[in-house]
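Let's take a walk through this protein together.

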Amino acid sequence: MKYKYLISLTLVIGALVDINAQNQGGLSPQPGNSRFLLRGYSDATFMSNDEETTFGNARFVPLFLYKQSDKLFFEGELEFAVEDGEIEVALEYANFNYSLAPNLNLRAGKILIPFGIFFERLHPSWINRLPTVPLGYGHDGILPTSDLGAELRGASYLGGMKFNYSIYVMNGPRIEDGEEEAEEVGMIVHEGDEDNNNNKAIGGRLGVFPLRNQSLEVGFSAQSAKLGNRDSELEDVGAFMYAFDWTYVRKVSFLGGVIDLKGQVNFINIDDQTYTVEEDSVMESYTFDNKSNSSFFQLGYRPTFGSNEFVKNLELVGRYSTLNTPEEAPWESESTQLAIGLNYWIDWRTAIKFAYQMDNVSGGHGEGGEEPEELDVSTFYIQWTLGF
């Protein structure tokens, strides 16, 4: 499926280039309005813990931007990554944007879902202040990342207070029925290649700036969808997700620099259901309160008011995140993660990051009635990232 997306994106870009050539050749009544721009980022990571010491993932992530006119443009992002000795190719997003009004846009295609702030705004490695992502995020996380659909987004003022909003309709997530992975039955799965039922996910986000200097943004997100496969026993199982997020960036004179405070708290509620799966030729039934939650709290500080150029380019950052999945589920877990980092900014979009991350995972049923297993892993990271 990933290569299908790559071929589709190549065809789209090829068509756009043909259009641009026609415009340059005078076939358009307004020649020269179209523009093409290549941006993106790349990173290389080194990691070391008790299990392994290795140069880990390396990524090249080009972002294609094509402006057809003042109202219409296209954006698409590919990811080429080396993981476990293999090259993985993925289409992160590819969509068309049409300006309906000065502060109102319509998007359609594969879209980064505006559920909170992390994945839509912070996931590029040169923007993310740490080499890793919080618990619950990423392509295998429990939170939405991208999907196929349409979105309406805009911004305005109300009583002198600025706000932004997004409303979207997507194919939506699905639920694991246990046929392929019995230990994941009841788990929500995002990034489906196609809609598995006749229902669509409906959601949105509202962000407000309560302070006059707009240093603080507070957001609320929500999404509702049916998860089960069409004509299956789980067809009517639904999920309601909601989240609160915040961003506060402010120069603080007595600290001699800028503080950057970000965070998000997420809740996922899935309808009650009894799941029956076959394990080792034996039918097993699971009934559990299918509710999960996750959070992250991040604080960064950069001493920009100092006189020493080297010190001014340093940044301290810390992040604490949690992930709690349903009790009595085969994938039950309670996880915490603490990451502390020191970044050196070569320029405004190039950094070398040093981070130490401590993960604690407790979960599972254990064997023979034993206590759930607990795992502690501490990892040291070095990452070089470049935005272009």
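This is a predicted model: local features need pLDDT of at least 70, side-chain atom pairs count only at pLDDT 80 or more; totals for chains, interfaces and linings use all residues.

Residues are numbered from 1 along each chain as its sequence is written, and side-chain values use heavy atoms, with hydrogens and water left out.

Let's begin with the core. In soluble globular proteins, nonpolar side chains tend to be buried together. Here the largest nonpolar core has 34 residues, and Phe115, Ile175, Ile188, Ile270 and Tyr275 have the most contacts inside it. (Such a core is a set of buried Ala, Val, Leu, Ile, Met, Phe, Trp, Tyr and Cys residues joined through side-chain atoms within 4.5 Å; buried means under 20% relative accessible area, exposed over 50% and partly exposed in between, with a 1.4 Å probe and protein chains only.) Among the elements that each supply at least two of its residues are helix H2 (118-122) and strand S7 (161-170), while S12 gives the largest share, 3 residues. Helices (H or I, at least four residues) and strands (E, at least two) are DSSP runs, numbered from the N terminus.

Phe288 leads us to the rings. The structure holds 18 aromatic pairs, meaning rings of Phe, Tyr and Trp (its six-membered ring) with centres within 6.5 Å; planes under 30 degrees apart count as stacked, over 60 as edge-to-face and the rest as tilted. Phe288 and Trp331 make an edge-to-face pair, 6.4 Å centre to centre with 90° between the planes. The two sit 43 residues apart, Phe288 in the loop between S15 and S16 and Trp331 in the loop between S17 and S18. Phe288 counts as buried because its relative accessible area is 6%, and Trp331 is buried too, at 12%. Elsewhere, ring pairs link Phe220, Phe240, Tyr242, Phe244 and Phe267 into a cluster.

Now for the backbone. Glu328, in that S17-S18 loop, has a positive phi of about 75° although it is not a glycine. Gln214, in the loop between S10 and S11, also has a positive phi, near 60°; this residue is partly exposed, at 32% relative accessibility.
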